[in-house]
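The sequence and model come next.

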Amino acid sequence: MENKSQQRELILAFESSCDETSVAVVENGDTILSNVIASQINSQKRFGGVVPEVASRHHVEQVTLCAEEAMTQAGVTYADLTAVAVTYGPGLVGALLIGVSAAKAVAFAHQLPLVPVNHMAGHIYAARLVKPLTYPLLALLVSGGHTEIVYMRAAGEFEIIGDTRDDAAGEAFDKVGRVLNLTYPAGKKIDELAKQGQDTFDFPRAMIKEANYDFSFSGLKSAFINTVHNAEQRGEELSRADLAASFQASVIDVIVTKTMRAVHEYGVKQLVMAGGVAANSGLRARFQQEIAVQTPDVDFVVPPLRLCADNGAMIGAAAHVFYQQGIRADGHLNAKPGLSFDYMTPARQAELVK
């Protein structure tokens, strides 16, 4: 087995932390052989968000089908695999348990090592599918429930230097989208509307001047809602495009300003942006502009749009690193919905899965 894995490392990776069931086969941590994703958007948008029980039921229906399709597309058999990887947190506990159970079953049935992966680490390592990572680096995680700046001294080492104190950027996008009567998920639609409008409302830029790297978007959300409701009470019709542009400009100003300050202070070689909100075209363009002007020697890496949302390939990319570091789980692996990596090293990760 060891000789085979050294020649060609093939990892079957499961992701089911929220509302996408995804299974991928990743070769040597940087080549996607398959990345099957079963989205629940059409089911969840009628509720205006993710209903955990609905998500879990979808995962039960899809996980085996996705695994079979991933193996078929990759053109491999279970005998070819080096290891099985799975997201075990953070996320919805019921959703996570489906992926964990499936991965454990495959690993046990085929006597393969099981590699546990933190979902947020997976988002960061999606960048490995674009180009090699260069340490030390900063990773900006902007997803549905997370807005974090993570410092990485080396592979597998994570230190959160900035975090959200209330609503994450993605949550604010979805809540603002509901006020604008946009269907879930609202991020892409707000991005498109913003291109047609101007920042005329000058919403607050919370904590932008504070000497830390933390974020707060609850006040921005409240200011937006109050602006819309006050206008409705007066019978005044506001420009949806200008509202979207003003909201997005505030989010982008805060995120870019604080992240670039961290880039300067930590002297990193790379800045990785990852997570669902990393798909926002305004945010991408602003970072490219600021880096070109302020720190042209810093390599800015953003995964392609298809790898910004939750997917199995990013879990496979992260699992490659953890597998090489000897991190393994056994049949007792359980879902950890509140899993974090405030300060994480390979040794600490090994302790967490026990």
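The largest nonpolar core of this predicted model has 53 residues; a nonpolar core is a set of buried Ala, Val, Leu, Ile, Met, Phe, Trp, Tyr and Cys residues joined through side-chain atoms within 4.5 Å. Buried means under 20% relative accessible area, exposed over 50% and partly exposed in between, with a 1.4 Å probe and protein chains only. Residues are numbered from 1 along each chain as its sequence is written. The model is predicted, local features need pLDDT of at least 70, side-chain atom pairs count only at pLDDT 80 or more, totals for chains, interfaces and linings use all residues, and side-chain values use heavy atoms, with hydrogens and water left out.

**Nonpolar cores**

- Within the largest core, the residues with the most contacts are Leu138, Phe224, Phe247, Ile255, Met273, Leu283 and Phe287.
- At least two residues each come from β6 (137-142), β7 (147-152), α6, α7 (187-194), α8 (218-233), α9, β9 (270-274) and α10 (281-294); helices (H or I, at least four residues) and strands (E, at least two) are DSSP runs, numbered from the N terminus.
- The element that gives the most to this core is α9, with 13 residues.
- A second, separate core has 38 residues, among them Met120, Ala139, Met152 and Tyr323.

- Six of the six residues of β6 are buried.
- Leu137, Ala139 and Leu141 lie on one side of β6 and Leu138, Leu140 and Val142 on the other, and both faces are covered.
- β6 and β7 run antiparallel and are joined by six bridges; two strands pair if DSSP finds at least two bridges between them.
- These two strands, β6 and β7, form a hairpin with four residues between them.
- Leucine 141 has glutamate 148 of β7 as its bridge partner.
- With β9, β6 pairs in the parallel sense over five bridges, and leucine 138 stands opposite leucine 271 there.

**Helix α10**

- The 14 residues of α10 should span 20 Å at 1.5 Å a residue, and the end C-alpha atoms are 20 Å apart, which agrees; the expected span is 1.5 Å times one less than the number of residues.
- Gly282, Leu283, Arg284, Phe287, Glu290 and Ile291 are buried in α10.
- Buried residues of α10 pack against β6, α7, α9, β9 and β10 (299-301).
- At the start of α10, a side-chain oxygen of asparagine 280 comes to within 3.0 Å of the backbone nitrogen of glycine 282.

**Aromatic pairs**

- Rings of Phe, Tyr and Trp (its six-membered ring) pair if their centres lie within 6.5 Å; planes under 30 degrees apart count as stacked, over 60 as edge-to-face and the rest as tilted.
- The count comes to ten aromatic pairs.
- Tyrosine 125 and phenylalanine 158 have ring centres 6.2 Å apart and planes at 85°, so this pair is edge-to-face.
- Because tyrosine 125 lies in helix α5 (residues 119-125) and phenylalanine 158 in strand β8 (residues 158-162), the pair ties together parts that are 33 residues apart in sequence.
- Both tyrosine 125 and phenylalanine 158 are buried.
- The ring centres of phenylalanine 173 and phenylalanine 247 are 5.0 Å apart with planes at 85°, so this pair is edge-to-face.
- Phenylalanine 173 lies in helix α6 (residues 169-179) and phenylalanine 247 in helix α9 (residues 240-266), so the pair ties together parts that are 74 residues apart in sequence.
- Phenylalanine 173 and phenylalanine 247 are buried.
- A cluster linked by ring pairs holds Phe173, Phe201, Phe203, Phe224 and Phe247.

Key. Contact means heavy atoms within 4.5 Å. A polar contact is a pair of N or O atoms within 3.5 Å; within protein, one must be able to donate a hydrogen and the other to accept it, and residues adjacent in sequence count only if both atoms are side-chain atoms.
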